[in-house]
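The following exercises concern a single protein model.

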Amino acid sequence: MVESKFSSADGAAGELTVTVPAEQVDAAIAAAFKGLARRVRIPGFRPGHAPRQVLEQQLGRDYILTTALEDLINATYPQAADQEHLRTVGQADFPDPEQLEEGKDYTYTVTVQLRPELTLTDTKVAITMPPREATDAEVDRQVEISRKRFGQVVPAPDGAKITADGVVTVSFTSTIDGEPFEGSDIEKLVLHMGEGMMPPQFEEALVGKVAGEAATAEFTIEDTGVNSDFAGKTIHFDAEVNEVSELQLPDLDDELAKQMGFDSLEALRDSMRTYLNNQRATSYERMQDDALLANLTGKLEGDPGEQLIESRLQRLSEQFGEMLHGQKESMTLDEYLEMTGQDAQAFANEMREQAEMDVRQELALEALARAEALEADDEEVDEELAKIAEGGKMSADVIRERWRESGLMTSLQDDLTRRNALEWLRRSAEIEIVDEAAQEAAAKKK
């Protein structure tokens, strides 16, 4: 086993000194000779059977020892960092090391950056959630959405004003930073207000207008992942209201339900309730965890640091690439973007935002664990290793040794600590159940 020693002046970085015993050095050199003998073709010898002297003549002893040194550091650095319970960030800084010598211990020193330990303003978390099962108000809202699909657009009375949920026929011209663009001029668009066809700022400018009136709207384009080249630029609309209409809805009765494919209105409502309950059953826990973590992360104080975010971004990119490659029909990122119609820069921005969110959530959970003494102990680590061993049909001792040799014990403990913190959040947070659909219905009645 390697010997290690860590020293740090500020807690943000430090030097890790690692000493590898002579027998491990000799084993690394022997393994390097053996590996190179298998890979290098030398005339007169079968692969893997060339003597050391011949390999040294062909490749040079320095090259072989350098190969052995790289393998030795790659194997022992994670072990040493794990022994010191270091939570490192990014690539370690290895100065030019001295060459290995057979029969002698080997010592090297590496400079490492440490994962930041941020703090929370407090650990009181409060969120709102919809009911776990669909309420009557939510069912009513879904039925109403379906009902609108069977409505008929008819002219509104003379002098009728545009409402936030009405229908209007509108023509407009638009510019971005003063310049026209493809699709900037539209004639007689039938716009169902409130359905997201046009930006909300555009619709707000129309509310209260009557047929024949003009409206203008101007605002900065937000980056929504679509047409990101326009993000941050100013868009200006000049609109003319051609006609104000209204949506004439059919009666909400069994006849309408039959048009939708159901035997009765009650059957329609039952179907809507089942759909909403099934949808929520598969996502409710995740929705709640997302809300808890968002609230907790908002209390995080301090900067995660660019290096940690970049490290997570690289991992996410690698995972996404592996996912694309593992598809039934493997594809490249460019092929994926073309297939989904996404902008490359917008996709990169989304990945970076995801990386930063992941990092901040982890740091917030770690801060919570420190504040509430939730760090995983040795007993929890042993229990987790036993579960892993049982699943792999191996002994816990063998699993422990493999994880120790790979330098993963500290990482496992951190994962368990964050799990403890999330479980504490679920138990301790103030969670208010709010029926937003009922509130909206009550507001409309006022």
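Predicted model: local features only at pLDDT ≥ 70, side-chain atom pairs only at ≥ 80, totals over all residues.

**Exercise 1. Describe the backbone and accessibility of alanine 373.**

Solution. Alanine 373 belongs to the loop between H10 and helix H11 (378-392). Its phi is positive, about 55 degrees, although alanine 373 is not a glycine. With a relative accessibility of 62%, alanine 373 counts as exposed.

**Exercise 2. Characterise the surroundings of threonine 297.**

Solution. Threonine 297 is placed in helix H7 (residues 265-297). Its relative accessibility of 12% makes threonine 297 buried. The side chain of threonine 297 reaches the backbone oxygen of leucine 293 at 2.6 Å; a polar contact is a pair of N or O atoms within 3.5 Å, where within protein one must be able to donate a hydrogen and the other to accept it, and residues adjacent in sequence count only if both atoms are side-chain atoms. Leaving aside residues up to four places away in sequence, threonine 297 touches Arg360, Gln361 and Ala364, contact meaning heavy atoms within 4.5 Å.

**Exercise 3. How are H7 and H13 oriented towards each other?**

Solution. H7 packs with helix H13 (residues 409-428) at an angle of about 100 degrees, the axes being 11 Å apart. Axes are lines fitted to C-alpha atoms, for helices over the stretch in contact, and angles run from 0 to 180 degrees between N-to-C directions. The two helices are therefore roughly perpendicular, a label that covers 65 to 115 degrees (under 35 is roughly parallel, over 145 roughly antiparallel, the rest oblique). At the contact, Asp289, Leu292, Leu293 and Leu296 of H7 meet Leu422, Leu425 and Arg426 of H13.

**Exercise 4. Which strands stand at the edges of the open sheet of 4 strands?**

Solution. The strand order is S1-S2-S4-S3, with antiparallel pairing; two strands pair if DSSP finds at least two bridges between them. Strand S1 (3-7) and strand S3 (88-93) each have a single partner strand, so they stand at the edges, with one side of each left without a neighbour in the sheet. Strands S2 (residues 13-20) and S4 (residues 106-114) pair over 8 bridges, and threonine 19 has threonine 107 in S4 as its bridge partner.

**Exercise 5. Which residues of the largest nonpolar core touch the most other members?**

Solution. A nonpolar core is a set of buried Ala, Val, Leu, Ile, Met, Phe, Trp, Tyr and Cys residues joined through side-chain atoms within 4.5 Å. The largest has 32 residues, and Leu16, Tyr77 and Leu100 touch the most other members. Two or more residues each come from S2, helix H1 (22-39), helix H2 (52-59), helix H3 (61-83) and S4. H3 supplies the largest share, 9 residues.

Note on methods
Residues numbered from 1 in each chain as written. Heavy atoms only, no water. Buried < 20%, exposed > 50% of the residue type's maximum accessible area, 1.4 Å probe, protein only.
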